2 protein chains.
Amino acid sequence: MSPREQPPQRKHAATSFDVARRAGVSRAVVSRAFTPGSSISPESRKKVLQAASELDYRVNQMARALNRKRSDLVGLVVSDMANPYRAAQIDALAKRLVADGYRPVLFCVDGIAETEQSISLLLNYSVSGVVVTSGLPPEAICYKCAERNVPLVIIDRGHHYPHADQVTSDNAGGGREAAAKFMRQGNRHLVAVEPDLVVFSVSARVEGFKRAAKSNRCELTVIRVSDPSYASGQKAADSFVSRSMRNAGVFCPTDLCALGFLDAMRTKHGADIPQDLSVIGYDDIPQSSWEFANLTTFRQPVGEVAATTLELLESRFADPEMEERQVVLPVRMIERGTTLQQ
Amino acid sequence: MSPREQPPQRKHAATSFDVARRAGVSRAVVSRAFTPGSSISPESRKKVLQAASELDYRVNQMARALNRKRSDLVGLVVSDMANPYRAAQIDALAKRLVADGYRPVLFCVDGIAETEQSISLLLNYSVSGVVVTSGLPPEAICYKCAERNVPLVIIDRGHHYPHADQVTSDNAGGGREAAAKFMRQGNRHLVAVEPDLVVFSVSARVEGFKRAAKSNRCELTVIRVSDPSYASGQKAADSFVSRSMRNAGVFCPTDLCALGFLDAMRTKHGADIPQDLSVIGYDDIPQSSWEFANLTTFRQPVGEVAATTLELLESRFADPEMEERQVVLPVRMIERGTTLQQ
DNA sequence: TTGTCTCTTGAACACGTGTTCACGGATCAG
DNA sequence: CTGATCCGTGAACACGTGTTCAAGAGACAA
């Protein structure tokens, strides 16, 4: 460490007034120098920027937000952070928001009540928008956002919402494709692991799978579990074994769930996958490519979801009266070792 | 959906002035009604609260922040979100911050340059504090924070920093305890997987392990890898096998790394653990308790880290001149199936 | 030279809040 | 009844910025 301890001089941060004085112009000119497309002469701008850099001036975002009635803060309400997929999604969203000049304010919640409360709090901050990836908020909150002109984007929900845009991956399509893959492989039994917990995206996947199976007159078995977690996947495995099916294709609507199923089948029940049975998941979390798992799954396009979210946010901000939109992004199946090569 | 579409009336949010008029008092009284410990008569307060709830009044946090020269925003700078331990830490920190009345502003970064840039941006928001869990920032940034009276808490770094408090788990202690466990078990060879990438917390664990081994004159082997990731763990396994050691105890400074090692040893090299060798990790991420892994590891006290972080933040806010503090929290070994029961 | 037009400038206001300070009413002791 | 003390109140200011608007400077054509 340097021997000369820098004294912690608590000097007040430079304001636009200080910069104006130093540059020999009025404060308004300083403001204009930092506002793109504003009417200012090149020499004035240069003088201001020079003075600003000398004083290490930075515009006070609180004052700016108060004046413009809009901060560049964006609420980010998420639940279930323990799911690696969610962490990846947050990472992508946060980076994208920052890259576009916004600042994400993070709320980690459990349950709908907390979601509503968080959004309500967010409204006090003149946020530029709110992104929700947790349990869907009550409609009342949508109206509240609309009243205050706050764009609302909901990720991974399918229900129609007033004044809110949505973006989701092609959940039903993934389910269908999983069923098709099993049928191509020649699996006799199609098995769907279906959580009781109602989460739109997850339900849509199972629904797509079931419909495809039924419309092709396949034998379909449903194993009900409480939620789409690793532990539920383990329980599903016990349930599966007790039915002693042969040549089955099992679709788990979540990688976590699939990994629980897979792990229990191999480690506990000694199953040989994919010889005895095939398994497909959904999300493509990093753990799915680990050696023990080597899980065939659907890759969610986290980057595209983030990019689309920002487009929706900004376009609705430009035109609040715009019709609600729902964007569905395609998913791609990543074939690994829990299905047969073809 | 309700048939009566609520019209999106863009009425401006109620201000304290509106509330004052409705309650028949002055605006100052409204402010006092919402400021605890302020001098106001009970009947005035009641009138104000009544009017406020009727108008759905909420104080404008931007104006409040501008006036108080301090928002309740707290910067949260993190890297390596792909590590489930990091996600858990963020979850705990975010929840704790919100519970204490703060709002976390999330910056997901890669590398030190981005960290510095993020903190620099944060300074424009009159933040109440900054929490850094990513690569350690340059000292200059510490002085900048101190100048602006912004408390800075650094998580999981050991280096001394000016004007910044630190909180970390007992990394060296964990390493020592891992070595002790192996010795109690009667392992002949002690093996440390050591990443080249310098991350303080990780290095401290390995250092603690190596010292304990040396001071007990154990045979110590170091396997060098690039970083503490799952992939590096796999590579370490290849390297380990090529040395054909028997009765070894392997310490991986990260669960991700340990799981990579474990997975490769079992799945690829057919090792029988813990009969052939023992493995201990660090972090206790959820995946470590999965059946395939069943990894013995050290549980990081994410909740306590979060609580301590807030204490440090708030106390330094109260007294900025306070001496820098470094809090070390104990870790607990969770014994599972990759070590011998005793 | 004069009139018009374009471009830049600075004074003033608005944004919504917390806080200071002087004032007035009420309570209480003498 | 009088003077002192205490407490609640409201007017005014400060926080730092973006923007409006009238005015001024300069360029150019007639």
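Reply:

**A buried alanine and its surroundings**

A:Ala212 is buried, because 23 other C-beta atoms lie within 10 Å and 20 or more is the cut-off for that class. The model is a predicted one. This alanine is found in helix H9 of chain A, residues 200-215. Leaving out residues up to four places away in sequence, A:Ala212 touches A:Gly175, A:Arg176, A:Ala179 and A:Ala180. A:Asn67, by contrast, lies 145 residues from A:Ala212 in sequence and 55 Å from it in space, C-alpha to C-alpha.

Chain B comes next. Helix H8 of chain B (residues 171-185) packs with helix H9 of chain B (residues 200-215) at an angle of about 40°, and their axes are 7 Å apart. H8(B) and H9(B) are therefore oblique to each other. The crossing of H8(B) past H9(B) is right-handed. On the H8(B) side, the contact residues include B:Gly175, B:Arg176, B:Ala179 and B:Ala180; among those they meet in H9(B) are B:Phe209, B:Ala212 and B:Ala213. By class, the residues of this contact of H8(B) with H9(B) are nine nonpolar, six polar and three charged.

H4(B) supplies the largest share, five residues. The surface near DNA strand C has 12 polar, 11 nonpolar and three charged residues.

Terms used
Residues are numbered from 1 along each chain as its sequence is written. Chains are lettered from A and ligands numbered from 1 in the order in which they are written. This is a predicted model: local features need pLDDT of at least 70, side-chain atom pairs count only at pLDDT 80 or more; totals for chains, interfaces and linings use all residues. Axes are lines fitted to C-alpha atoms, for helices over the stretch in contact, and angles run from 0 to 180 degrees between N-to-C directions. Helices (H or I, at least four residues) and strands (E, at least two) are DSSP runs, numbered from the N terminus. Angles under 35 degrees count as roughly parallel, over 145 as roughly antiparallel, 65 to 115 as roughly perpendicular and the rest as oblique. A crossing is left-handed if the near helix is turned anticlockwise from the far one by less than a right angle, and right-handed if clockwise. Two residues are in contact if their C-beta atoms, placed from the backbone, lie within 7 Å. Ala, Val, Leu, Ile, Met, Phe, Trp, Tyr, Cys and Pro count as nonpolar, Asp, Glu, Lys and Arg as charged, and the others, Gly among them, as polar. A residue is buried if 20 or more other C-beta atoms lie within 10 Å of its own, exposed if 12 or fewer, and partly exposed in between; C-beta atoms are placed from the backbone.
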